[in-house]
Amino acid sequence: MQNKVAQIFEFMKILDKVCLVKRATLLSDGTPETDSSHIFKLAFWIMLVYPYLKHQYNYTRLLELALVHDIAEAETGDCPKSVQYAHPEMKQLKKEQELAAMQKYRDILPPEIGNRIFDLWQEYEDKQTPEAKLVTALDKVDANLQANFHKDGDVRYWLDCEDGERYRQINTEKKAVVAILDEEFVEELEKGTIAVSEENMRRWPDKF
């Protein structure tokens, strides 16, 4: 029993690190969003959207996938999509590093918990189940909307990010995973985030 407590305490140290990982998107006050704040909001996306979905999903599994989907970044840090596009080799390196991190977490925890967390993370990465596809789609919706919250829509910082032009494109393009879902409500969410992005860009014609 004491050993299991110690193992869980060790894992909680990892989650503390998740709270420190900074992302490219900014919060309304200009401070960087963190992985933990993103995970928190993604869980709420699931809660808010679930009543309006036409297909059946395992609600508990959706929340679990949201919780685990970015925790590998406690070890690896965040690597924005714009950076991965600019440096394609980073995408494969990210996958390898995150797999190693999750294997480490699995081995830290008691097997019954460690294996479950690892399997959930792998499910999210594989994106084959309806739940993994939905969480992935909402993850992208959240990132695109959050990118617009800086100082009530001052999106000029997009162009300061590495491969800023690609960062702009990411926030204004439709995502294949949303179309594959065949969920009208999620498609409307995506349309709404694109509209917000385009409106904010029009406020700075000298930049966009």
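**Helix faces and packing in the predicted model**

The face of helix H1 turned away from its buried side carries Gln 2, Phe 9 and Lys 13, which are exposed in this predicted model. The buried residues of H1 are Gln 7, Phe 11, Ile 14 and Val 18. Viewed down the axis of H1, these buried residues fall within an arc of 65°, so they line one face of the helix. They pack against H2 (35-49), H4 (73-76), H6 (88-108) and H7 (111-126). H1 comprises 17 residues, 2-18, and reaches 25 Å from its first C-alpha to its last, close to the 24 Å expected at 1.5 Å a residue.

Helix H2 also packs with H8 (residues 130-146), at an angle of about 115° and with the two axes 10 Å apart. The crossing of H2 past H8 is right-handed. On the H2 side, the contact involves His 38, Lys 41, Leu 42, Trp 45, Ile 46 and Val 49; these meet Val 135, Leu 138, Asp 139, Val 141, Asp 142, Leu 145 and Gln 146 in H8. By class, the residues of this contact are eight nonpolar, two polar and three charged.

H2 and H8 are also among the elements that cover the buried residues of H11, as are H9 (164-170) and H10 (176-181). The buried residues of H11 are Val 186, Leu 189, Glu 190, Thr 193, Ile 194, Ser 197, Asn 200 and Met 201. They cover an arc of only 130° around the axis, which puts them on the same side of H11. Glu 184 and Arg 202 are exposed on the face of H11 turned away from its buried side. The 19 residues of H11 (184-202) should span 27 Å at 1.5 Å a residue, and the end C-alpha atoms are 27 Å apart, in agreement.

Technical notes
Residues are numbered from 1 along each chain as its sequence is written. This is a predicted model: local features need pLDDT of at least 70, side-chain atom pairs count only at pLDDT 80 or more; totals for chains, interfaces and linings use all residues. Side-chain values use heavy atoms; hydrogens and water are left out. Helices (H or I, at least four residues) and strands (E, at least two) are DSSP runs, numbered from the N terminus. The expected span of a helix is 1.5 Å times one less than its number of residues. Buried means under 20% relative accessible area, exposed over 50%, partly exposed in between (1.4 Å probe, protein chains only). The arc is that of the directions from the helix axis to the C-beta atoms. Contact means heavy atoms within 4.5 Å. Axes are lines fitted to C-alpha atoms, for helices over the stretch in contact, and angles run from 0 to 180 degrees between N-to-C directions. A crossing is left-handed if the near helix is turned anticlockwise from the far one by less than a right angle, and right-handed if clockwise. Ala, Val, Leu, Ile, Met, Phe, Trp, Tyr, Cys and Pro count as nonpolar, Asp, Glu, Lys and Arg as charged, and the others, Gly among them, as polar.
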